[in-house]
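Here is a short briefing on one protein model. It runs from the whole chain down to single side chains.

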Amino acid sequence: MADRPGDGAADGTDARLTGHLAELVARLRAAGWDLSSEEVAEAVWLARWTGRSARDSPAGPAAGPGPPGRPSPDEPPVPPAVTPEPGETRPPAEAPASPVSLYASGRHHGAAGGGFPVRAPVAGALSGLRELQLALRPLHGYRPPLPPLPGPLDEEATADLSARGGAVQPVFGTTDRRVTEIQLLMDASPTTSVWQPTLDRLRQTFEQLGAFRDVQVRYLHRARDGSPLIGTGPDPGPTRLRPADQYRDTTGRRLTLVLSDCVGPLWQEGRAQSLLHHWTGGSPLAVVQPLPPRLWPRTALPAEPGTLVSDRGARGRVTFEPDGYGPGAAPDALPVPVLLPTPRALGNWARLLGGSGQLSVPGAAAWVRPRHPAMPPPAATPGTVPPRTLLAEFRSTASPGALDLAVHLAVVPLLMPVVHLVQEAMLPDTGSMELAEVLLSGLLERMPDREGAGPRYQYLPGVRELLLQSLDKGAATLVMKHLSGYVSQRFGKGTRNFPAVAVARLTGRAGPPVDDAELAGPAAPDRTDAAEGTDGADDDSETAADELFAEIPAEVVRFYLPSGTAPERTQEAERLLEQWHAQGDAQLLREARTVAEGALASADTARTRLVLARVLRATAGTSRTRRSPDLVRALLGQALTLLDQDPAGPGGSAEARLELAAVRYDLWRADGDLAHLTGAEETLRALDGDTLPEEAETARVLRHGRVLLALAEAGPERERHAAEAADALRAAADRLAAGPVPEAADGRLSGALLDLATALRLIRAAPQERLAAVERAYEAAGDSRALRLRCVRERARVHRDGGDWRRADEAYAEAERLTARDSARRGGLLAEWGEMLLVEAGETTRAEGILREALTSTPSGDEGLTQRLNLLIGRALVRRFGDERERSGRDGFLPDLYEGCHLLEQAARGGRTARARAEAWLALGDARLTFPAVRGPNPGVYFDQAHTAYAEALRESELAGDEPSLTVARAWHGRGVLYALMGRERAARADFRAARDEWRRLTASGVSPPEDEVRATDERLTGP
């Protein structure tokens, strides 16, 4: 340049400045940034105040005003000439590279200064940001439908207007400050980790767009009661969750994009759609659906194509005109735009909001309603569909990439880092959409999360073997090599690398001998580190690595290199199952399942199906599996499918039928479906005992007795089934006691006698006979703490039924001492004890304390017992208030009455069955009439609440189908008392007559109603 700074030549300065700006813009465009003139000006202005550059101007201080030591605002700093050291050769100028910086030392032959680097976007998970930014630029033109915010005070205009008007009248200027913000709401569903890169890409795009004052990222969670909650993180544990309505905007200043595949529980139940309906009228809202459009009809938010039309007069609301000619939307439904996370779809939405006037663009939308209906449950219970059917359905709808990905993932543990590794190494053309297809295919189930491991999945039983049939051994070996490298990098080279061992086995390379037990990994018994006297910090990580990366390679090796024929593997599975029964080692049961599934995949025989069904039923009965009721039902459903194929086929029909009856009985215990219980009884009754071995016949008689007992407790023919159950259980007990080695019965004798005592109670046998069976069971229990607990609890029930409250109380106290403090059964035992003290013994205060302890001991997922305890505690509090009034003539502690009504209402609204809800509504109606204000001058509100409670009790009793019903009789009587207090004598007498008729029906059915209550109803009818 010919002109030097400070010469005062304005034209030279302008030319020099223009030249620098042109060079800056050229370099930015070469780096991939296409900035507007306003954005370039902001960058130059910001560079002025970012600190003194290390490259001082060679001409000294810059001319013009400015702080000392800073470059002139009219001239950017010029880098100094660098003199090379002796022997140093100056490198030639390099071509532009990424990342690109305004002060890159390699390009300007100097050290990096204190400026802000400008980096070009790089390929990877956050690629495509530039295209998204260009598409979303119209959002700069979005303006909320509110008056603009006032700018700074204009002092001169304020003084002039105030002087003219004679009063102070402030005048504010205009402002260009951004007032709009955007909220990115991520659905915290099981597939959250799949769409996290998409969320990050959207977040970074909006942060760099410059159109919003703030970009907020939040996560949508589901509360225990199903209501939507919102937090700042995907994990509900450390995140503080708030009701979703707290984040609803009604000003139009906050745009909301909901990122979800719309398949989670909130969407299945319709609550997420109702939330969208509630939000969509306040400010712009759209759903970003990452799944491909061909999968949208399978989600809970099926969108249809059409035209999106902007309505600038309705707070940015977008209307929708569908293209199809199907049935119209419901009158209360509203459209919500559904967008793909692509520049085209998001750009159309941005043009709708940022444009002026009424615009229309092609798009898709879904209809949401204020009370959106839930999706119907699946036709088949999860886990009951055969794996071949599941895979056939997936093949018919999946994309080729998703199908290839599912096949390759059958070789590895399904952790997200490993899944991404397989995609990058083997299937680079697949992405999040293909992965979501696999995760939502129905072929997988989610495993319990482990701290630090992220979400974990596994294929349903039998699916992995079918998928491996489509993958040659060479491809499986290559995938296993990549997994071996991941294990070495993730867990260190000191960890046993089971995938590497599997590669050596599959390739046949010479190496140290490795047996199948080592390849299968450690046994990992169910024990705690505290029992071993160590903290277990290092052992936990190694055990986790072994568990996750040892079992799958072992299964793959067994598939490609089977160790024997199908009959041999079936025998091996039986041996492992017997060993598990003896040792209780969970690893043995997992190995038995793997071996049995492999045997079934190679030879589908009746014997193999029977063995696999036994393994599945044993797995469903483990303590770890019982924590997940859905998993229990799924495993038992698979066993039922296996046995239903040919229960009487060759290979042992009697064994198959016995196992089929056991599976149906366990299914009834899992889901309460009486059809399973009836089918089990029919199967056992049809078996010919003469053709069975002695041990099998004993098992049949015992199982038949227990099935009949269950039918007596749950079925319609109570007395007949109870009598048959008593006969069968008595015969089974005699068989067990007369066996060659009675002590080998392994607790079966004690259990049979306890069931016999229950059957005797149902047929109203004498207490002495019941007590004799219980005492025999206690003697046969031996050292089994669980059996002794059952015996003592049954002894308490015998004394309770006989009216001996003192001995029943002592037996319950002994049972409580036998129960561990953290036992899941402790809450039920204490509830039974407290109910006896409250209802029958009349010890209200002591019963309340025991019931409250039972409530704290009840597992969080047992809603039925929780609501039952709420009912009992509420009744105890109301009774204590009434007892104080009867004893002293004064009202009791009024907060007891308020708390009691609150608990009763909770039980009434949250009861699991109609019978339980009816009982709670009845108790609430009686409690409302206990308030002192009922007999005051203004009892109206209590009358209304009591009337509602009695009406709900009658309605729920009708739904329960109990005829006649003690609850119905009491509800008619209670409402009659209410009408009498209200002065409605005719209505009161009608209800009393209905109560009397119900009492009579109860007596005719063999039920003895309380005499004092029947007498009270008669006195109401015969009185004046």
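**Whole chain**

In the protein chain, 65% of the contacts (heavy atoms within 4.5 Å) with a separation of 6 or more join residues 24 or more positions apart. This is a predicted model: local features need pLDDT of at least 70, side-chain atom pairs count only at pLDDT 80 or more, and totals for chains, interfaces and linings use all residues. Residues are numbered from 1 along each chain as its sequence is written, and side-chain values use heavy atoms, with hydrogens and water left out.

- The protein chain has 41 helices and 13 strands. These are DSSP runs numbered from the N terminus: helices are H or I with at least four residues, strands are E with at least two.
- Of its 1024 residues, 43% count as buried. Buried means under 20% relative accessible area, exposed over 50%, and partly exposed in between (1.4 Å probe, protein chains only).
- The accessible surface comes to about 51800 Å², and 52% of it belongs to carbon and sulfur atoms. Areas come from the Shrake-Rupley method with a 1.4 Å probe; for residues, only the protein chains shown count as cover.

**Aromatic pairs**

- Rings of Phe, Tyr and Trp (its six-membered ring) pair if their centres lie within 6.5 Å; planes under 30 degrees apart count as stacked, over 60 as edge-to-face and the rest as tilted. The count by this rule is six aromatic pairs.
- The ring centres of F320 and W367 are 6.1 Å apart and their planes are at 65°, so this pair is edge-to-face.
- The pair links distant parts of the chain, 47 residues apart: F320 is in strand β8 (residues 317-322) and W367 in strand β10 (residues 360-368).
- F320 is buried at 8% relative accessible area, while W367 is partly exposed at 26%.
- One aromatic cluster is formed by Y898, F931 and Y942.

**Charges over rings**

- A charge sits over a ring if NZ of Lys or CZ of Arg is within 6 Å of the ring centre and within 35 degrees of the ring normal.
- R984 lies over the face of Y979, 4.4 Å from the ring centre.
- The charged end of R795 sits over the ring of Y778, 5.3 Å from its centre.

**Around L771**

- L771 is in helix α30 (residues 767-781). Its relative accessible area is 24%, so L771 is partly exposed.
- Leaving out residues up to four places away in sequence, L771 touches R795, V798 and H799.
- L771 and R795 are 24 residues apart along the chain, with their C-alpha atoms separated by 6.6 Å.
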